Amino acid sequence: MKGLGWKEAALVIGAAALVWLMLTSIGVVPSEAIAGLVRGSVGGPAAWRQTLREMTPLLIAGLAVAVALRAGLFNIGADGQLLVGAAAAAAVALAVPGPVGVVLACAAAAAAGGLWAFPAGWIKVARGGHEVISTIMLNNIAVFLTLWLVRGPIKDPSVQTWTTPSLPTGTGIPSLVEAGVFRLNWALPLAILAAVAFGVWLQRTVGGFELRAVGANLTAAKVAGVDVDRIRIRAMVASGALAGLAGAVLVLAFEKRFYSNFSPGYGFDALGVALLAGNSAWGLLPSAFLFAALSAGTTSVQILGVPKGLSTVLLGLIIIVFAVLRYREARRDG
């Protein structure tokens, strides 16, 4: 990006001033809050462990939302797809322990997430129903369905809380690095590889061109002979499958069980990850890292009196600023 105009500079300064006012209004010194954010996200092995742990599902779910966005679809249902995927993964991994169970659990999670997203894609194509409304409705159904499952069919009968039994030893995605308190799970490099592969597929394959064409201009894609309906349904199903896989990763790599209120909102944060990345598959990596770092950092500064919701405010302001800057670039280049 070239130098900022006075309007864009004013927006950046205004966003920073708003954060400063919010912090000072609750009696927090801004410099201390910023230092705490840095310490809590990248200030040591334990902080890095938490940030990279948060980044893993955010990157996969962000990739899920990005796939739908490239087809011109807003998949607001990633959180519900993640939930059904996580429940399916836990059920399969408990039934089939060991490495084979891990593979089957990932497949079941992807299938569950894809099937959960399919109605929204079909309604969009066949009836013209807006996918935002249908995916939000499916989110609510997913919450109650998985709550019923964890209260009944897959509940651990030995405890009072609504949770499945813990996965058997040896059933899960192992750590790649273990050094003191630092842990790096294999799931993160695999997620990075998936994001890179998506970027290459978009730019180098016919399928990627068709997906980009549908998202860029629906009418032009139709005139060019692209089967628009098929592409949109496939994009929504693939998006749901990836979101379901994010749920499987949470179960198999970190939580080792499924329980009520399983997702703190990864699916909704994933929309911000994808939007902040823009049209760049590579942009998903720094975007997911930023979201993860702010989530880990704001957790650590709550001792200063900073509310957990600060990360949401910060991320919202960042997305607004970047959206304005991209709009400026698009107008200048257009």
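Colleague: How much of the 334-residue chain is buried?

Modeller: This is a predicted model, and in it buried residues make up 47% of the 334 in the chain.

Colleague: And what does the overall fold look like, in terms of helices and strands?

Modeller: Count 13 helices and two strands. The chain has a radius of gyration of 21 Å, close to the 20 Å the globule rule gives for 334 residues, so it is as compact as a globular protein of that length. Along the principal axes, the C-alpha atoms fill a box of roughly 60 × 60 × 35 Å.

Colleague: What share of the contacts between residues at least 6 apart joins residues at least 24 apart in sequence?

Modeller: That share is 73%.

Colleague: OK, now the interior. Where should I start with a nonpolar core?

Modeller: Start from the general idea: in soluble globular proteins, nonpolar side chains tend to be buried together. Here the largest nonpolar core holds 86 residues, and the members touching the most others are Leu59, Leu252, Phe258 and Phe262. Helix α3, residues 45–70, gives the most to this core, with 13 residues.

Colleague: Which residues does leucine 59 contact, leaving aside its neighbours within four places in sequence?

Modeller: With those neighbours set aside, leucine 59 is in contact with Leu188, Ala191, Ile192, Ala195, Leu284, Leu285 and Ala288. There's also a second, separate core of seven residues, which includes Val84, Trp116, Leu138 and Ala142.

Colleague: Let's stay on α3 for a bit. Is isoleucine 60 buried or exposed?

Modeller: Isoleucine 60 lies in helix α3, and its relative accessible area is 8%; buried means under 20%, so isoleucine 60 is buried. Beyond four places in sequence, isoleucine 60 is in contact with Ala191, Leu242, Ala246 and Val249. Ala191 is also among the contacts of leucine 59. For a sense of distance, isoleucine 60 and glutamate 210 are 150 residues apart in sequence and 22 Å apart in space, C-alpha to C-alpha.

Colleague: What about proline 45, how accessible is it?

Modeller: Proline 45 is in helix α3 too. At 47% relative accessibility, proline 45 counts as partly exposed. Not counting residues up to four places away in sequence, proline 45 touches Val181 and Phe182. Its C-alpha atom is separated by 38 Å from that of leucine 145, 100 residues away along the chain.

Colleague: Switching to helix packing: what do I need to describe a pair?

Modeller: Two packed helices are described by the angle between their axes and the distance between the axes. Take helix α5, residues 99–127, and helix α10, residues 228–255: their axes come within 6 Å and cross at roughly 145°. The crossing is right-handed. As for the residues of that contact, 16 are nonpolar, five polar and three charged.

Colleague: Where is serine 134, and is this residue buried or exposed?

Modeller: Serine 134 is in helix α6. Its relative accessibility is 10%, so serine 134 counts as buried. Apart from neighbours within four places in sequence, serine 134 is in contact with Ala120 and Ile123.

Colleague: Now the loops. Is threonine 164 buried or exposed?

Modeller: Threonine 164 sits in the loop between α6 (131–151) and β1 (175–179). At 2% relative accessibility, threonine 164 counts as buried. Leaving out residues up to four places away in sequence, threonine 164 touches Leu94, Val150, Ile154, Asp156, Arg257 and Phe258. You've met Phe258 already, among the core residues that touch the most other members.

Colleague: Last topic, backbone angles. What is the phi of lysine 256?

Modeller: Lysine 256 has a positive phi of about 65°, although it is not a glycine. Look for lysine 256 in the loop between α10 and α11 (266–277). With a relative accessibility of 29%, lysine 256 counts as partly exposed.

Colleague: And what is the phi of asparagine 261?

Modeller: Asparagine 261 has a positive phi of about 55°, and it is not a glycine. Asparagine 261 is found in the loop between α10 and α11. At 73% relative accessibility, asparagine 261 counts as exposed.

Definitions and conventions: Residues are numbered from 1 along each chain as its sequence is written. This is a predicted model: local features need pLDDT of at least 70, side-chain atom pairs count only at pLDDT 80 or more; totals for chains, interfaces and linings use all residues. Side-chain values use heavy atoms; hydrogens and water are left out. Axes are lines fitted to C-alpha atoms, for helices over the stretch in contact, and angles run from 0 to 180 degrees between N-to-C directions. Helices (H or I, at least four residues) and strands (E, at least two) are DSSP runs, numbered from the N terminus. A crossing is left-handed if the near helix is turned anticlockwise from the far one by less than a right angle, and right-handed if clockwise. Ala, Val, Leu, Ile, Met, Phe, Trp, Tyr, Cys and Pro count as nonpolar, Asp, Glu, Lys and Arg as charged, and the others, Gly among them, as polar. A nonpolar core is a set of buried Ala, Val, Leu, Ile, Met, Phe, Trp, Tyr and Cys residues joined through side-chain atoms within 4.5 Å. Buried means under 20% relative accessible area, exposed over 50%, partly exposed in between (1.4 Å probe, protein chains only). Contact means heavy atoms within 4.5 Å. The radius of gyration is taken over C-alpha atoms; the globule rule is 2.2 Å times the number of residues to the power 0.38.
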